[in-house]
Amino acid sequence: MTGAAALLRAVLCPPHAPPDVAVPDPESTLPPLLHGFRLLDLDAPGTEAPAALGLSPRFLAALRSGDEVVRAMREAVILARLPQLRPRAISPRGLDVAHALARRGKLLLCPFTGDWTGTAKALGHEVFWHAAGGRACLVAQWAAAPLAAQDTAWIFPAERVVLFLGHLLGSPDYLRYMLGEALLGLLRAPELVAAHLRRVGPPPQMLLVETIAPHLGHCIWNAASAWPRLLEQPGLPRPDGIVTWEGNDFLPPPTALWPDLAGLPLHRLQRPADLVGLVAGTGGLALVAKDDWIGAGFAGRVLAWARAALPPDRAAALAALRAQARPLVLLGLRLGNRAWVEQEEGLADLAAALAARFPGIGFVLDGLTGGTAMGWTHGLMSLEAEAALAGRLAARIGTHSPCHVTVGRGMVESLAASAAVDLFVAPLGTGLAKYQWLANRPGVVLSNRLGLDRADPRGWALRVFDGCRDDARPAVMPDPALVRDIPAPDRPGPGQENFSLDWRHVLPLALPLAEAALRR
């Protein structure tokens, strides 16, 4: 066993007395330490938990029974203790967080006894420390970005074994990343973490943590949406502090958007490893809020914030356009992945055809915003290239109709414009979080064949914008047979292909929506 592995075991296992082992460079120490862990996917055929872990047969039987059974078991325990909670009005993760906030302890199914018990100690981001009978483990809630899941992984530091549910994590790479962040945080401050784990009694602080989401769609769907659903649960105490992230910069921090959280200390961190030090230093129980539903009240609050924060000159320009244009149509731009390859000519010709039919029409060109994160698949895109495309399109459309450009502007202007239009024509992607989830506007969505084929289950995460909110308004889409995919071997996964489409197939879908706007 290496010195770092011995240090890890000594910190995490009782009596939490780390040996005098120096870790001068935690970053370089981490890869071999992480490599020493054996990762076992319990979903994989033939995978069994090692007998040396001493796991309870009841615990293993519960996992084998499936997510819904374990979820129902957890919900029954929670509601027996807190019958005022409303489980149908919150995600499974949200219910777990609500219980932990009220009881000052995280509920978990003990791997060693099979009993429902609790812990007052977090280690970091979505990971908690638990012990029974002198044996210790970490219980993690790491899951794929769209999933507001409960417990998904169990880490046994003495044996250096990780058990996980692959269908919830999405990728072992994500598991390795999150485990690495937790271990890095420990290696940075082993004495502080050990002292934290030696504390007895309830946690001195309860910290609510925003889901990491440097991507607008997931920020709205999974991160920001969690706050209203949690705060609407009856009888919950206020937390002692809020944690958010540098990349979550699309909306105001929760302390600014929600009056119930105003005045609380706000911690803004760079990466999950940073949370380990904050938790250990404060003794806080860190609970990561996560959800998957956009309420109409939440959408209205965000749009009201955007209108109020819009600079007066931009608000005046948008109001003038809204007063002048009937109908007002938003055209969404997208480059880099899942892009319409003919969009420059196609959108220009589509706008001209609509203008010929509706002489009073106006347009908004929307896409990437300036001054916000470009994380995850946004990294495949270029704001500069998209702004240049918007400029060329605005010049062409401006010869016959008023045209307002929000590409490269701030998020508040993009949101305000999304709420001001009558309809949209846009590519399938995160822009729909603005047009459908928040503004709830009718529109036409364009995509590659996977995105358009509602019968193909592989594209479910692309088509979530048609639902996942109160009074959802599904978009209309062209027939997938009219679209030709453009292969993209350098893209990260299925559904990233660009596509070719004749704009004349889009026009008959947009016309009825524009006509309906004039009748409203």
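Predicted model: local features only at pLDDT ≥ 70, side-chain atom pairs only at ≥ 80, totals over all residues.

User: Is G443 buried or exposed?

Analyst: The idea is to look at relative accessibility, where buried means under 20%. G443 has 3%, so it counts as buried.

User: Which residues does G443 touch, leaving out those up to four places away in sequence?

Analyst: They are F424, A475, V476 and L513.

User: Let's zoom out. How many helices and strands does the protein chain have?

Analyst: The protein chain has 20 helices and 19 strands.

User: What does the radius of gyration say about the protein chain?

Analyst: You compare it with what a compact globule of that length would have. For 520 residues that would be near 24 Å, and the protein chain has 25 Å, so the two agree. Along the principal axes, the C-alpha trace spans about 75 × 45 × 45 Å.

User: And how much of the protein chain is buried?

Analyst: Of its 520 residues, 58% count as buried. The accessible surface comes to about 19,600 Å², with 56% of that belonging to carbon and sulfur atoms.

User: Where do the charges sit on average?

Analyst: Here you compare two mean positions. The protein chain has 49 positive and 47 negative charges, and their mean positions are 4 Å apart.

User: How many aromatic pairs does a search of the whole structure find?

Analyst: It finds six. One of them is F112 with F156, an edge-to-face pair with 6.0 Å centre to centre and 75 degrees between the planes. F112 is in the loop between β2 (106-109) and β3 (116-119), while F156 is in strand β7 (residues 153-156), so this pair ties together parts that are 44 residues apart in sequence. F112 counts as buried at 8% relative accessibility, and F156 counts as buried at 1%.

User: What is the geometry of the W437 and F465 pair?

Analyst: The ring centres are 4.6 Å apart and the planes stand at 45 degrees, so that pair is tilted. W437 belongs to helix α18 (residues 432-438) and F465 to the loop between α19 (449-452) and β18 (484-486), so parts 28 residues apart in sequence are tied together. Both W437 and F465 are buried. Ring pairs also link W221, W437 and F465 into a cluster.

User: How should I read a helix?

Analyst: An α-helix has 3.6 residues a turn, so residues three or four places apart point the same way. Now look at helix α12 (residues 272-282): its buried residues include L275, L278 and V279. Just after α12, G283 takes a positive phi of about 70 degrees.

User: Which residues other than glycine have a positive phi?

Analyst: Two examples are worth a look. R338 has a phi of about 50 degrees and is found in the loop between β13 and α15 (343-357). D471 has a phi near 50 degrees and sits in the loop between α19 and β18. R338 counts as buried at 6% relative accessibility, whereas D471 counts as exposed at 65%.

User: Where are cis peptide bonds found?

Analyst: For these you read omega. A cis bond joins P14 and P15, with omega about 10 degrees, and P15 is in the loop between α1 (3-12) and α2 (26-35). Another cis bond runs from R326 to P327, with omega near -5 degrees. P327 is in the loop between α14 and β13 (328-332).

User: And where is P311?

Analyst: P311 is in the loop between α13 (296-309) and α14 (312-324). At 36% relative accessibility, P311 counts as partly exposed. P311 and V412 are 101 residues apart in sequence and 8.9 Å apart in space, C-alpha to C-alpha.

How values were computed: Residues numbered from 1 in each chain as written. Heavy atoms only, no water. Helix = DSSP H or I, 4+ residues; strand = E, 2+ residues; numbered from the N terminus. Rg over C-alpha atoms; globule rule 2.2 N^0.38 Å. Buried < 20%, exposed > 50% of the residue type's maximum accessible area, 1.4 Å probe, protein only. Areas by Shrake-Rupley, 256 points an atom, 1.4 Å probe, with all protein chains shown as cover. Lys, Arg positive; Asp, Glu negative; His and termini not counted. Charge placed at Lys NZ, Arg CZ, Asp CG, Glu CD. Phe/Tyr/Trp six-rings, centres within 6.5 Å; stacked < 30°, edge-to-face > 60°. Contact = heavy atoms within 4.5 Å.
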